[in-house]
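The sequence and the coordinates are shown first, and the description follows.

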Amino acid sequence: MGLRGIVIGRSIPWWMPGLVAMALSALWFIFYSTGPIDSVASYRGIDGTPQKWFNGHLGLFFKIDMLGAVHLFLLPVFIWESLKKKSFFKNSVHLVWGFWISFILVSALAYFNYRYWITFSLPVVAIVFKYLYENLRSKSDKVLIWAIALLLCVQGFNIFAKRIYNKLNTNSITSETGLPQKVDKPVGASILARLTFKPNLVFDFFNKNQVEGAVLLNGLPMFYTHCRQKAFMYFAERDIVYSSIGKSHLLDINTSSDALPRLSLQDLNIQYVLSSSSHNQMFKDFKKWIDENCVLLIQEGDIILYRIEHSHETRKST
Amino acid sequence: MINIIVGISLLLTLWLTLFSSANLLCSNMVLRKITTRHVDRWIFIAAFPVFLSVVIYYLLLFNLPANFVFGVMALLVIGTGIFGLPVFSRYIYSSFRHINSRVEYAFIAALSFFILISFFLSLIMPVYSNDLAEYVMLSRYFIDGNTQFIDGERFFENTGFYYIGLHAPGFPLLGAFGDWVFSLHNYGNAVFIKSITGVYAALLLFVSYLYFKKVWNRPIVAVMPIFLFISSYGVIISMVKFHIDTIRIFTILAVVYVILNKNRFSSLYYTILGVVCGLACFIHSLNVFFVFILVFIDFINSDLRGYNKFLKYFISALYIIGLGGIYYLLELTFGSGWVLGEL
């Protein structure tokens, strides 16, 4: 019996969707990011055209590191079920349409954040499992279902375990003025320290002293929840600061020809900058500006507090 | 240690009274008809806190003092919750009596343990992530009586804080309600808003399990897709990291569930659809798009014809706007323009 005899009018062998899914998953490893082009995109795994498609627009199926491998089965399951005369979609075809239109919407507008793909995760898992279970009802086949499920879970937990392993082996608690250092700590203390960590030295600097001037927050709004010092939200990626007039440019980096107004540090009385080492690595122009105009005050964990040199203000005014 | 135990007890009490007061409402003549199944009842119970945040939104929109609003809501909810506790306890007990599977006991025990761990983490972990910090700031302003965000102002002069989010204030308002109650006990670390993630993660898994058990009639089969769902790193992160994801996903899947069970709800379907869609919209902007797609698809697929069809879906639309969509309408017309405008 050829492939045609298997596909049309008969149950699909359980291993066929799995085979297709495994083949598709191999593509993900082939197209995994080979190097940073854009820091933020690289962080999200969507730098480069293949990565942007596989990890971004089609992330529901191929962003296996975050979503596991189960979603890969949806495409072959959906195709096989659509070919059958008595598909289990037949009573909810309109919801299937709703699913795919929503998929296109997220794929087009919100593909950069894997969290939005998780919205589809439970329905996809339910559909895939329903397909496997309803096609393999015989007692011996149930063993095969558990074997498949176990394999998928092993893959999912393997990725999870790998991430936990990576996180536990990098820990950078620094001294007040030193550079990031790796500290080897026992696993138990490390987990609690990481769970309860907050940059207390930075918060105490503002809360326990009469400090003049506002703080420029490079994407760290948690500052507001711990300090009463006035601060302004800033996004280095596009040199945008948020103030009473809304969005405006501030530091003349990433120069843009858009119509946003421009403010100066003096306008907002900004004298400090709060950033993180990971943000500094992602935004090279901002890091360069920091190196030229600021003095490092406190570094605690990933969080770094700078003071803007007054000479910068003098240079700017002359 | 004592602080931790007291904190967990307070969280448990507040959530129990919320669910208990929702369950008491289920005994209402009308609601009894639509909460016949366990899944329906638990979706209603889980949707109630979101409905509460909509009520608080309207009261603040009409410029009632925040302390008065939160105080009255707390009294009503906790009062009815305590009053309804015997009814809720009987419901839980009768549900447990029907459990005859070790798998089910293990699953419920695991969920309970997960909630306790989640409450523990809510108490000890500081506010650190960016998105959570923004929600916490909004909720603190609501607690302090500053409702300028409700009136469309996003910049807070005293701190320089600017809310850049696009979503309706459902999540921070719910957090503000709980944290207002907690502030009476000097727990000022945004504990309740952090606990929302874990509670709705547990509800998502529990309600999904109830649904799968109804479909496959076997606990061990029902628990397998749950296990597959949580085997991915991203899902675990979304259930553990304090964020809006679990309540967002729960509310939109509630909409899908209602549409799937259209025939069962019969004449009340359009009201229920409007209510759950509105509440889903009040939690997150993305839900607005999903709701629009799902309701439109349902409209096209409907067996109704002509004027009757338009009337039914118009009623649904009124509920959607009244119970969540109104925020986006106000933002589009009088506010920042939402997704169309420059923030």
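Val339(B) has a relative accessible area of 39% and is therefore partly exposed, the limits of that class being 20% and 50%. The model in which this value was computed is a predicted one. Val339(B) belongs to the segment that comes after helix 16 (306–333) of chain B. Together with Ile321(B), Leu329(B), Leu332(B) and Leu340(B), Val339(B) makes a nonpolar surface patch of about 440 Å².

Another part of chain B is mostly covered. In helix 10 (residues 219–229) of chain B, nine of the eleven residues are buried. The buried residues of this helix are Pro219(B), Val221(B), Ala222(B), Val223(B), Met224(B), Pro225(B), Ile226(B), Leu228(B) and Phe229(B).

**Sheet of chain A**

In chain A, seven strands make up an open sheet with mixed pairing, and their order is 4-3-2-1-5-7-6. Strand 4 (246–248) and strand 6 (294–300) of chain A each have a single partner strand, so these two stand at the edges and one side of each lacks a neighbour in the sheet. From one strand to the next, the twist averages 25 degrees.

Strand 2 (residues 231–235) and strand 3 (residues 240–243) of chain A run antiparallel and are joined by two bridges. Tyr234(A) is placed opposite Val241(A), a residue of strand 3 of chain A. Helix 12 (residues 200–207) of chain A packs on the sheet, where it touches strand 1 (214–218), strand 5 (270–276), strand 6 and strand 7 (303–308) of chain A. The direction of helix 12 of chain A makes about 120 degrees with that of strand 6 of chain A.

**Salt bridges**

Side chains of opposite charge can pair when their charged atoms come close. Over all chains, the structure holds ten salt bridges. Three of them, including two formed by Arg115(A), are listed here with the distance between N and O atoms.

| Arg115(A) | Asp131(B) | 4.0 Å |

What is the relative accessible area of Lys208(A)? The value is 64%, so Lys208(A) counts as exposed.

Salt bridges with shared partners join Arg115(A), Asp131(B), Asp245(B) and Arg248(B) into one network. Arg115(A) forms a salt bridge with Asp131(B), and this pair crosses from helix 9 (residues 114–135) of chain A to helix 7 (residues 130–143) of chain B.

Asp245(B), at 2%, is buried, whereas Asp131(B), with a relative accessible area of 32%, is partly exposed.

Definitions and conventions:
Residues numbered from 1 in each chain as written. Chains lettered and ligands numbered in written order. Predicted model: local features only at pLDDT ≥ 70, side-chain atom pairs only at ≥ 80, totals over all residues. Heavy atoms only, no water. Salt bridge = Lys/Arg side-chain N within 4 Å of Asp/Glu carboxyl O. Helix = DSSP H or I, 4+ residues; strand = E, 2+ residues; numbered from the N terminus. Buried < 20%, exposed > 50% of the residue type's maximum accessible area, 1.4 Å probe, protein only. Patch = residues over 30% accessible without salt bridge, like charges linked within 9 Å, V, L, I, M, F, W, Y side chains within 5 Å. Areas by Shrake-Rupley, 256 points an atom, 1.4 Å probe, with all protein chains shown as cover. Pairing = 2+ DSSP bridges. Axes fitted to C-alpha atoms, helices over the stretch in contact; angles between N-to-C directions. Contact = heavy atoms within 4.5 Å.
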